[in-house]
Each structure stands twice: as C-alpha cells, then as structure tokens.
Amino acid sequence: MNWAEQLEKLQQLHQQGALTDDEYAAAKARVIRDLGPAPAAQAARAAIEQSQTAMRQLKRSVTDRWLGGVAGGLAQATNIPTWAWRILFILTAFLHGLGVLMYVLLWIFVPMERPMAMVAAVPAAPAPPPPSPPPVPPSV
C-alpha cells in the first residue's frame, strides 16, 4: 500500500467512527513519518538537487567559445545546443542590452573550466637524485 492509499484508508476509518480524532491524528503522523514525504515533495526535492548540481557544474568552455565561452559552458550544463544560447543572447541584447549585461556578468562570475591537458599535466614532485657512493681513498 502506498502513501496516498494508507491516508485514504485512515480517513475512511475516521469518518466511520472507528478512530477518534486523537487516534486519527497519531496514525496519520505515523504514516507520514514512516513512509517519508509525499511523491510530489520527493520529485520537487530531486528537481532542486538536480538544478543545484547543474549550477555547480557550470563552467565557461575552453573549447566551444567565440568570446568568453559562456554559451559553450551553458550548453554543456543544460544539454541545449550552443547555437541556441548564442541566439538567445543576441535576441535579448535588443531588449535594452539585457543580453549583453547577462553575458558579461556570466563571463565575470562563472569560472573557466580546466582543460584536460592541464589536469593531466600537473607536475609531480621531482624525484630526489640517487645517493652518490662514498669517495674511494686513493691507493698508493
């Protein structure tokens, strides 16, 4: 039995007089506590977590860029093509420069992604030279 069915059954029992007001309230609280939040609340929480994850992943692109890599970074984070982001910025630029303002602010505040070559080429600490053998005394 799912969450909604259990609450519906409790309400029917309460309406039939099988449960008092206090018993109904206690049983309802127990069902909600045991089964967790409603599916709609779970879906809303998952959507919020997904958007927060996408915002944490938002980086300006190094490879897909014309100016600052903002459209390329948005394309990677949202799975919307880069050309669509560029057209959106151009169209909103005609709205009193709003697109230009948004692009510049994103250019300033969104960090640049690290290229994979830089991540792989992080230099390791140099190995110490092997110890030299002790000097040999000259033989006479």
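The model is a predicted one, in which local features need pLDDT of at least 70 and side-chain atom pairs count only at pLDDT 80 or more, while totals for chains, interfaces and linings use all residues. Residues are numbered from 1 along each chain as its sequence is written, and side-chain values use heavy atoms, with hydrogens and water left out.

The secondary structure of the chain comes to seven helices and zero strands, where helices (H or I, at least four residues) and strands (E, at least two) are DSSP runs numbered from the N terminus. Along the sequence, the pattern therefore reads α-α-α-α-α-α-α. Of the 140 residues, 20% count as buried; here buried means under 20% relative accessible area, exposed means over 50%, and partly exposed lies in between (1.4 Å probe, protein chains only). Contacts, meaning heavy atoms within 4.5 Å, were also sorted by sequence separation. Among those with a separation of 6 or more, 44% join residues 24 or more positions apart. The chain exposes about 10,900 Å², and carbon and sulfur atoms supply 67% of that area; accessible areas come from the Shrake-Rupley method with a 1.4 Å probe, and for residues only the protein chains shown count as cover.

Leaving aside residues up to four places away in sequence, Y24 touches L10, Q11, H14 and L19. One of these, H14, is 10 residues from Y24 along the chain, and the C-alpha atoms of the two are separated by 6.3 Å.

Aromatic side chains come next. A pair of aromatic rings is described by the distance of the centres and the angle of the planes. Rings of Phe, Tyr and Trp (its six-membered ring) pair if their centres lie within 6.5 Å; planes under 30 degrees apart count as stacked, over 60 as edge-to-face and the rest as tilted. By this rule, the count comes to three aromatic pairs. In one of them, W85 and F89, the ring centres are 6.5 Å apart and the planes stand at 35°, so the pair is tilted. W85 and F89 both belong to helix α5 and are four residues apart, about one turn of the helix. W85 is buried because its relative accessible area is 16%, and F89 is buried with a value of 9%.

The rings of Y103 and W107 have centres 5.9 Å apart and planes at 80°, so this pair is edge-to-face. Y103 and W107 likewise lie four residues apart, about one turn of the helix, in helix α6. Y103 counts as buried at 15% relative accessibility, whereas W107 is partly exposed at 34%. Together, W85, F89, Y103 and W107 form one aromatic cluster.

Helix α5 (residues 82–93) also holds R86. At 16% relative accessibility, R86 counts as buried. Residues up to four places away in sequence aside, R86 touches D64, R65, W66 and A71. The contact with W66 has a further feature: the charged end of R86 sits over the ring of W66, 4.1 Å from its centre. A charge sits over a ring if NZ of Lys or CZ of Arg is within 6 Å of the ring centre and within 35 degrees of the ring normal.

H96 is exposed, at 85% relative accessible area. Another non-glycine residue with a positive phi, near 60°, is N79. N79 lies in the loop between α4 (70–78) and α5 and counts as exposed at 71% relative accessibility.
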